[in-house]
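Please read the following note with the sequence and the model side by side. Each numbered point takes up one topic and may be checked against the display.

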Amino acid sequence: MIILAIYAVFVWYLTLRYRRQWRGFVSLALGVLVLWLGVRLLNAGDDRARGVTRSHQMLTLLWAEMFIVAGVGLFTVCLPRKRKEMDCFGCGYDLSGLDPRELTCPECARRWTGLGSGLADDASIVKLTPMPSRPAGTNRARSRGI
């Protein structure tokens, strides 16, 4: 039984690792196909003519495993990928390594307005202003009149 849980986690890892890519969809399809083949092999092994059935519990478990792996795997493979800082806002093309000033995306020709373009507020750049210095010999107690 632990093998089925490990198998499910392995398939879900692959779908999460390669989400929104063809490799993720292929790994999900292959993962479900292996379970479906297991169900077919157990069904083929039943000898109903003699009244002997293999394990209906195992068949039920494999069917449930197949549907759970397929459902969770489909959910994870369809999750959006995290964008990088220098990905195009239109098509997601990786623009890292290019000069961000007056940059247009080579894929969709959209103008880059992100970090370093001079068109967006760079929230990552914080300008520190110096604190006003107090004259020597003054402290807070004197300024409050204490």
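This is a predicted model: local features need pLDDT of at least 70, side-chain atom pairs count only at pLDDT 80 or more; totals for chains, interfaces and linings use all residues.

1. The nonpolar surface patch draws its largest share, six residues, from helix α2. The patch covers about 840 Å² and is made by W22, V26, L30, L33, W36, L37, W63 and F67. Helices α2 and α3 each supply at least two of its residues. Patches are made of residues with over 30% relative accessible area and no salt bridge, where like charges are joined within 9 Å and nonpolar side chains (Val, Leu, Ile, Met, Phe, Trp, Tyr) within 5 Å. A salt bridge is a side-chain nitrogen of Lys or Arg within 4 Å of a carboxyl oxygen of Asp or Glu. Accessible areas come from the Shrake-Rupley method with a 1.4 Å probe, and for residues only the protein chains shown count as cover.

2. Residues are numbered from 1 along each chain as its sequence is written, and side-chain values use heavy atoms, with hydrogens and water left out.

3. How many helices and strands does the protein chain contain? The chain has four helices and zero strands, and its pattern along the sequence is α-α-α-α. Helices (H or I, at least four residues) and strands (E, at least two) are DSSP runs, numbered from the N terminus. The accessible surface of the protein chain comes to about 11400 Å², and 62% of this belongs to carbon and sulfur atoms.

4. Of the 146 residues in the protein chain, 21% are buried. Buried means under 20% relative accessible area, exposed means over 50%, and partly exposed lies in between (1.4 Å probe, protein chains only). Among contacts with a separation of 6 or more, 47% join residues 24 or more positions apart; contact means heavy atoms within 4.5 Å.

5. G31 in helix α2 counts as buried because its relative accessibility is 3%. Leaving aside neighbours within four places in sequence, G31 is in contact with Y7 and V11. The C-alpha atoms of G31 and A70 are separated by 8.2 Å, although these residues are 39 apart along the chain.

6. T15, in helix α1, is buried, with a relative accessible area of 0%. Not counting residues up to four places away in sequence, T15 touches G24, S27, L28, G73, T76 and V77.

7. A search of the whole structure finds one aromatic pair. The rings of W63 and F67 have centres 5.9 Å apart and planes at 20°, so this pair is stacked. Rings of Phe, Tyr and Trp (its six-membered ring) pair if their centres lie within 6.5 Å; planes under 30 degrees apart count as stacked, over 60 as edge-to-face and the rest as tilted. Both residues lie in helix α3 (residues 56–77), four residues apart, about one turn of the helix. W63 counts as partly exposed at 34% relative accessibility, whereas F67 is exposed at 55%.

8. R20, in the loop between α1 and α2, has a positive phi of about 60° although it is not a glycine. R20 counts as exposed, at 52% relative accessibility. A109, in the loop between α3 and α4, has a positive phi of about 65° and is not a glycine either. A109 counts as exposed, at 59% relative accessibility.

9. The loop between α3 and α4 (140–144) also holds F89. F89 counts as partly exposed, with 43% relative accessibility. The C-alpha atoms of F89 and W112, 23 residues apart along the chain, are separated by 7.9 Å.
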